[in-house]
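Hi,

Here is the structure I promised to send over. Have a look at it first, and then read my notes below.

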Amino acid sequence: MIDWLLEPLRFGASLRALIEVTLIGVAGGVVGCWVILYRVSYSAESLAHGLLPGLVAATLLGLPILLGGAVGIVAAAILIALVNRFARESADTAIAVVITGLFGFGVLLALSPDTPPGTAELLFGDLLGVSDTELLTSAGILLAVIASVWLMHDRLLAAGFDAGAGPSLGLSPSVMSGVVLVLVALTVLVGVQGLGNLLVAAVLVTPAAAARLLTDRFRPMLILAVATALLAGVAGVYLSYYLKVAAGASVVAVLVLAYLAAAAAATLLPRAIRPTSLNT
Amino acid sequence: MLETFSLPFVQKGLIEVLLLAIPAGLIGSWVVLRGLAFFSHAIGTAAFPGLVLADGIGFSPALGAFGAAGVFAGLTALLGRVKRSSTDSITATVLVGCLATGVLLASDVFGSSSSVDNLLFGSLLSIGGNDILLAAVAAVLAIATTVLFGHRWLARGFDETGSAQVGNRHLLDGALLVVVALTVTASLNAIGALLISALIVIPAATIRLVTKRVGLQLAGSVALVALEGTFGLWLSVETNAPPGATIAVASGVLFALTLAVTRLGRRRSRAALAVALIAGGGVIAGCGGTGSDSGQLKVVATTTQAGDLAAQVGGDKIDLTTILKPNTDPHEYEPRPSDVTAVADADLVFRSGGHLDEWTEQIISDSGSDAKVVDLSQGIPVKLEGEEEHEHAEEGHSEEEHAEEPGEELDPHWWHDPVNVKAAVGEIEESLAEAEPDDAGYFRERATAYEARVAELNRQIAKCIDAVPPAERKIVTDHDAFGYYTKRYGIETVGTVIPALTTQAQPSAGDLAELEDTIRKENVKAVFPEESVPPALSNAVARDTGASTDYTLYGDTLGPEGSPGETWLGMMKSNTDNIMLGMTDGRKDCFGTSG
C-alpha cells in the first residue's frame, strides 16, 4: 500500500502535479465557499474565459503571461460590476455580455501571426507540464488569497448572509461581491496553468457546493470543501497515474463524482440533521 | 459592400445568420428576461463530449450536441431537487463534469478529435445544408412556443413566487429550457460554444436597455441579431477575421455604446459616440482591398509542405496561395474568409492529405469551387498507418487497441521521407502540366532539377546518420509526427510525449512516468520539442530525466520566412542536424544549420 502510494512520487511530473492540485485545492476550497455564499458561480466559471485577451496581449507584448492574465481578469471583473450597476440587468446577463465580448476580442488578437501556438492548451491546461517557477507563483498567490480571506472573514460573512443588513453595518454588499470576484480572479490564476481555462471552474465551485449540501454551518463547510478539493485532487492524479487517463480531466471527474455522492447523501440522510438555513 | 455577398459561401452564412436571428432574438429575449444566461452558455459548452462522441463514432455532430444538451438539462433538473443546492452551482458542476468527460473521451478513448476544436468555436464560413435546416427548425419552434407560452413565461418572469398559480410550472419551464437548448445547438456550428451569447444574450440585452416593453423587445432583438450578424459577416470578410469573434466584438461594442447613450448624460454620451464612430470608421477604412487578376494558373496548397513543393515546381508560372501559415498548429486551423475566397477562385488545389487538412473538402464545397483537388498522400510509395496511440505500451495490449480503432487512417506526415516527396513532386508536375499544357516543359525542367536535389539530400542524410551506431539511434519526440523519417533512416522512436497523432490529446501521469522510465532505461539523450507545439510537457519530461530539450524539430509545419526550416529542403537539413546533435550529445551534425 505504501509503495503503491509512493510510486508516483518518484516522477517529477506527477510530484509537481500533486503539489499543484494541493495549491489549487486549498485556494478553490476556501474561495469556493464564498462563491457559493455570494451565488457567483457563473462569474467563477466565466472569469477564466475573460483571461484570454490579457494572456494573448501579454505574449504579444513580451510581458509575463501571468501579469497579462491578472490585468485581463481584473478588467473583466470591473467591467462586469459596471454593466451590472449601470444596465440594471441581472448579474447573469452582465457576465454573458462582458465575457463574450472580451473572449471574441481575445480570439481576434490571437490571430496575429506573432501569437505563439497553443490556444488550445490555454483552454485545457496541462497539469503535468507545470514548472517549479509556476508552482512558486501559485503558492505566492495562494498565500495572498488566504491572507485576504482571513483578514476579511467577518465582513464577508456579514455582507454575504444578509444583503439587507449590510449597508446598515457600514458595508456595501456590492463592494463585498466585488471583493469575492477579485478572490475568484486570483484563484483562477492559481489554477489556470494546471487545469486550464475551461476546467478551473470545477475546483472553484464543486467542492464548496458539495460541502454546502452536507452542512448548514460555515466553518464545517469550509473545512469540508478544502478536504474534498484536496482529496479529489490527489485521487485524480493517482487515477491518472495508475489508469493512464488524462490528468486534469481525472481531477475534475473525481470532484464531480464527490458532488454526486454528497447529493445522494444529502437526499438519503435523515431529515433531522439537515436544518434549512446557513448559520455560522 | 454588395460584392461581398455575391460570394456563395458568404450567401450561405448570411442565410444561416438571418434564419438564426429568429430563434436567437426571440429565445434570447426570454433568456435575458428570465436570467437564463448561464444556462444557455453552459448548455452550449456542455455539448463538448457529445461532439467528441459524434466525431469518434461517426454520427451527426448536431445530434451529439443535442444529446449532450439533453443529458445536461436532465442532470441539472435532477440535482436541483436536492435540498440546499443552488441552481448556479449545479449548472457549473454539471458543466465541468461534461467538459471533463469530453477531455477524457478525446484523450483516452478516441485518439483524435481534430474537428472538435472547430465546433467549440464554429464558423459562419462553413455552413452546410443541415445547419440551415436545423436553424429553420429552431426558428419555427421558437415562434410557436413564444406565441403559445409567451405570456405565461412572462408572468413567471415578473413574479417568481406567484407563478405557481399560472399553469403548470414544471412543464412551462421545461419547454423554455428545451427551446433554449435547441436554439443553442442550432447556433453552435455558426458561432461556436464559447461565443454563443453573442447571438443569444448580447442583442437581447442591448434592446432591453432601450425598451422594457416585451413585444418590442422580441421584435427588436430579432432585428438586431439579423443586423449584427450581417454586419459582422461582412466585416469579417472585408478584414479577413473569423466571423464569430467579429460578431461578438461588434455586438459588445454596440451594447457599450447603447449603455453609454441611455445611462450617461447626453453630453458625455455624444462624446463617447463620436469617439466610437471615428474609431470604427478608421478600422473599416484601414481594411479592404482585394487581390488582382493575373491570368496565371491559380493554385492553392493546404499545408506549408504542399505549398513549398508546389512553389518549387510551379515557379513564377503559378499564382500560389498556401492556407496554413508557418509555425501554426494545423490541428487548430479555423477557416478565414481569404482562404475560402482563394479556394473559390482556384484552378487546382493540392492537399497534403489525412486529418491535418481534412477541412479541405468542406471549404471546397462551401466555396462552390470547381477546382481539381489533388491529394498528394494518395500516390506516395511509402505509407504508414496512423493512430499509433500507445507506441510505448506493451505489445499485446496495443494490438488489441488497434483492432478496435478504424485503422484505415494514414499517418499524414508523409513528407518526412524524401522518397515520398519525390513522388509528390512528380504528381504536382503532372497536375500542373495537365492544367496548363503550354508550360509543361517549364514544369518538367523544374521538377526534374528539384527531384535530383531531393535524392541527393536523401543520400547525404542516410550517410551522415550511418555514422551513429544503430543501438544509439533512439529518440523521443513531442507527438507522433516522425514515423516516416525514423523508418527511412533506421532510427527508433522509443516514445512520444503526447500519446497520439493529434496534439490535442492530454497525457496521463502514468503514460508520462512510463515514458520517463523508458528514457532512462534506453539512455535517450534528447527529447525533441516541435516548433508548433507548446514545450511545457517536453520540458517537464526533460527536467525529470536529464535529457536535453535544446533541439527543436519541424513536425507539422515548415518554419517562417528567414528560419532554417523555411523550405522543405531546409526543414529536412535542420531536423537532421538537430536529431544528430540530440543522439550524439551535441557532438556531431550533418549540415551545420544550427550554427
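The contact between the two chains takes 70 residues from chain A and 69 residues from chain B; two residues are in contact if their C-beta atoms, placed from the backbone, lie within 7 Å. On the side of chain B that touches chain A, α2 (37-45), α5 (87-109) and α12 (243-263) are among the helices that each supply at least two residues. The largest share of that side, 14 residues, comes from α5(B). Sorted by class, the side has 36 nonpolar, 19 polar and 14 charged residues. Here Ala, Val, Leu, Ile, Met, Phe, Trp, Tyr, Cys and Pro count as nonpolar, Asp, Glu, Lys and Arg as charged, and the others, Gly among them, as polar.

Before you go on: this is a predicted model, where local features need pLDDT of at least 70, side-chain atom pairs count only at pLDDT 80 or more, and totals for chains, interfaces and linings use all residues. Residues are numbered from 1 along each chain as its sequence is written, while chains are lettered from A and ligands numbered from 1 in the order in which they are written.

Now for chain A. You'll find 10 helices and 0 strands there (DSSP runs numbered from the N terminus: helices are H or I, at least four residues; strands are E, at least two). Of its 280 residues, 59% count as buried, meaning 20 or more other C-beta atoms, placed from the backbone, lie within 10 Å of a residue's own. In helix α5 of chain A, 19 of the 20 residues are buried, so this helix is largely enclosed by the rest of the structure.

Cheers

Terms used
Buried ≥ 20, exposed ≤ 12 C-beta atoms within 10 Å, placed from the backbone.
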